[in-house]
Amino acid sequence: MKTPVAPVVLGVRNQTRDTVLCRRATLARGFRDRRRGLLGRRQLNPDEGMLFEAKPFLPLIWLHTFFMTFPIDIVFLGRGNVVMKIQASLKPWHLSSMVFGARSAIELSAGVAVRAKTAVSDFISLGEV
């Protein structure tokens, strides 16, 4: 029987604007975490998020809100954790933009990116809690 692996939880901060995007972003590590994402949740608290990383050989991220019941913000990060694109308030049952060159993406509660004054080219830091 496999021993469960403890989730990696990171704080997400916009260093450029000196604001916090979320204090608890869970890293979607394996295939199961990536596939499940936020599915099955009724909401995402403003202080929570989920971090997805692109495959090293294919820097591309494309997410969806199929089967979800609430909108989310998605912040796409490129090299050096620089914001490449923000998709604000993506409604349930929609596809995000395909962001070529994205190294990771953070799913956040809808409205968080705006409240944190996050913009394209901002530097985002990720740190263990």
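Colleague: Let's start with Arg-23. Is that residue buried or exposed?
Modeller: Arg-23 is exposed, with a relative accessibility of 51%. The cut-off for exposed is over 50%, so Arg-23 qualifies. Do keep in mind that this is a predicted model.

Colleague: Noted. Which side chain does Arg-23 meet in a salt bridge?
Modeller: The partner is Asp-47, with an N to O distance of 4.0 Å. Asp-47 counts as partly exposed, at 33% relative accessibility.

Colleague: How many salt bridges are there in total?
Modeller: The count is 3. Another one joins the side chains of Asp-122 and Arg-17, at 2.9 Å from N to O. That pair links distant parts of the chain, 105 residues apart. Asp-122 belongs to the loop between helix H2 (112-115) and strand E9 (124-128), while Arg-17 belongs to the loop between strands E1 (9-14) and E2 (19-27).

Colleague: And how covered is Asp-122, buried or exposed?
Modeller: Asp-122 is buried, with a relative accessible area of 2%.

Colleague: Nice. What about Arg-13, which side chain does that one meet?
Modeller: Arg-13 forms a salt bridge with Asp-18, at 2.3 Å from N to O. Arg-13 is partly exposed at 29% relative accessibility, whereas Asp-18 is exposed at 54%.

Colleague: Switching topic: where is Thr-118?
Modeller: Thr-118 is in the loop between H2 and E9. Asp-122 has its place in that loop too.

Colleague: Is Thr-118 buried or exposed, and why?
Modeller: Buried, because its relative accessibility is 10% and the cut-off for buried is under 20%.

Colleague: What does its side chain pair up with in a polar contact?
Modeller: The side chain of Asn-14, at 3.2 Å. Setting aside neighbours within four places in sequence, Thr-118 is also in contact with Leu-21, Val-83, Ile-86, Ala-113 and Ile-124.

Colleague: Now the surface. Which residues form a nonpolar patch there?
Modeller: Trp-62, Leu-95, Met-98 and Phe-100. Together they have about 450 Å² of accessible area.

Colleague: Where does Trp-62 sit, then?
Modeller: In the loop between strand E4 (60-61) and strand E5 (72-77). Trp-62 counts as partly exposed, at 46% relative accessibility.

Colleague: While we're on aromatics, how many aromatic pairs turn up?
Modeller: Searching the whole structure gives 2 aromatic pairs. Phe-66, Phe-67 and Trp-93 make up one aromatic cluster.

Colleague: Zooming out, how many helices and strands are there?
Modeller: The protein has 2 helices and 9 strands. Along the sequence, the order is β-β-α-β-β-β-β-β-β-α-β.

Colleague: What share of the residues is buried?
Modeller: Of the 129 residues, 40% count as buried. The accessible surface of the protein is about 7,800 Å², and carbon and sulfur atoms account for 56% of that surface.

Colleague: Last one: what share of the contacts is between residues 24 or more positions apart?
Modeller: For contacts with a separation of 6 or more, the share is 67%.

Conventions:
Residues are numbered from 1 along each chain as its sequence is written. This is a predicted model: local features need pLDDT of at least 70, side-chain atom pairs count only at pLDDT 80 or more; totals for chains, interfaces and linings use all residues. Side-chain values use heavy atoms; hydrogens and water are left out. Rings of Phe, Tyr and Trp (its six-membered ring) pair if their centres lie within 6.5 Å; planes under 30 degrees apart count as stacked, over 60 as edge-to-face and the rest as tilted. Buried means under 20% relative accessible area, exposed over 50%, partly exposed in between (1.4 Å probe, protein chains only). Helices (H or I, at least four residues) and strands (E, at least two) are DSSP runs, numbered from the N terminus. A polar contact is a pair of N or O atoms within 3.5 Å; within protein, one must be able to donate a hydrogen and the other to accept it, and residues adjacent in sequence count only if both atoms are side-chain atoms. Contact means heavy atoms within 4.5 Å. Patches are made of residues with over 30% relative accessible area and no salt bridge: like charges are joined within 9 Å, nonpolar side chains (Val, Leu, Ile, Met, Phe, Trp, Tyr) within 5 Å. Accessible areas come from the Shrake-Rupley method with a 1.4 Å probe; for residues, only the protein chains shown count as cover.
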